[in-house]
Amino acid sequence: MSRLYVSLALFIMLLAAARGFTDGDFKVKCAEEQMTVKIGEDLVVHCHYYSADEAGTIAFSWMKMDSNGIIYIYTMNQSSLGEQDPSYRDRAEVFDSEIPKGNVSLRLKNVTLSDSGIYRLSVASQSQSNETKVVLEVRAVGKQPVIRSYVTDQGFSMLVCESSGWYPEPTVTWENGLGMQLTKYARTETINDTGGIIHLRSTIGLDHGPISNYTCTMMDQHLNEAVSFVFVVLIPEKPWHIVAGTVGTIICSVILAVSVYCSW
């Protein structure tokens, strides 16, 4: 039965479109044309249709354009999920009781990175149809970075800052406790990319400026969210590179971790 409902819904939409009934008295509009959401969050795409003739059967569908996957189809006064893309099963739903009032919004639960893309909403009555598109961007803020220290075979003292779980790649900055920007001295690389999720490693030598706190910050500038780690070095009255070269290991008394979620 679900396949029949799907066929009827698509037939109604195609017939209305073929007859050219997409004039100004039947409109489909979403509150936002482009949306950004973080992985794991729930999302509601707020959309409505407006018709001069409110009588008759309404059918509508949500589809993801890059895969032509069916997210949700509603027709004959009920949902038709037989042809739904399995990746949206139990995650996509509409507001059934609000549909007669023109509400054709989509709720998407537990958003994943693969949900990024262009979504098409098509709405049709027996004589008219229209559609609109919404671009969805999914981003991920990674874990709090961790700094570790080591000495190279040549006796150079280094700090390594690592964090995983990012998408897309964040900006990485280094500074010391005096506010000196050290980022230009760092080397940042992508260690691995599993399922699109990025793991970053940033390395810096400890011969740039006076010895003090070293802060590594990774930030998603679009979301305006950042995570930081502060590494405190306490070696009184001795240049770092001399101590490290002599002892052959990093001397550090305090390591402080700081997570920062802010509006800069």
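Met-65 has a relative accessibility of 31%, so this residue counts as partly exposed, a class between buried (under 20% relative accessible area) and exposed (over 50%), with a 1.4 Å probe and protein chains only. Met-65 sits in the loop that connects β5 (59-64) and β6 (69-75), where strands (E, at least two residues) are DSSP runs numbered from the N terminus. Together with Ile-118 and Val-135, Met-65 makes a nonpolar surface patch of about 200 Å²; patches are made of residues with over 30% relative accessible area and no salt bridge, and nonpolar side chains (Val, Leu, Ile, Met, Phe, Trp, Tyr) are joined within 5 Å. The salt bridge excluded here is a side-chain nitrogen of Lys or Arg within 4 Å of a carboxyl oxygen of Asp or Glu.

The model is predicted, with local features requiring pLDDT of at least 70 and side-chain atom pairs counted only at pLDDT 80 or more, while totals for chains, interfaces and linings use all residues. Residues are numbered from 1 along each chain as its sequence is written, and side-chain values use heavy atoms, with hydrogens and water left out.

A search of the whole structure returns two disulfides, each defined as a pair of cysteine sulfur atoms within 2.5 Å.

| Disulfide | S to S distance |
|---|---|
| Cys-30 and Cys-47 | 2.0 Å |
| Cys-161 and Cys-216 | 2.1 Å |

The S-S torsion of Cys-161 and Cys-216 is about -85°, so this disulfide is left-handed. Cys-161 belongs to strand β13 (residues 157-166) and Cys-216 to strand β17 (residues 213-220), so the pair ties together parts that are 55 residues apart in sequence. For Cys-30 and Cys-47 the S-S torsion is about 100°, so that disulfide is right-handed. This pair links distant parts of the chain, with Cys-30 in strand β1 (residues 26-30) and Cys-47 in strand β4 (residues 47-51), 17 residues apart. Cys-30 and Cys-47 are both buried, and Cys-161 and Cys-216 are buried as well.

Asn-176, in strand β14 (residues 171-176), counts as buried because its relative accessibility is 2%. The side chain of Asn-176 reaches the backbone nitrogen of Leu-178 at 3.0 Å.

Key:
Patch = residues over 30% accessible without salt bridge, like charges linked within 9 Å, V, L, I, M, F, W, Y side chains within 5 Å. Areas by Shrake-Rupley, 256 points an atom, 1.4 Å probe, with all protein chains shown as cover. Helix = DSSP H or I, 4+ residues; strand = E, 2+ residues; numbered from the N terminus. Polar contact = N/O pair within 3.5 Å; in protein donor to acceptor, adjacent residues only side chain to side chain.
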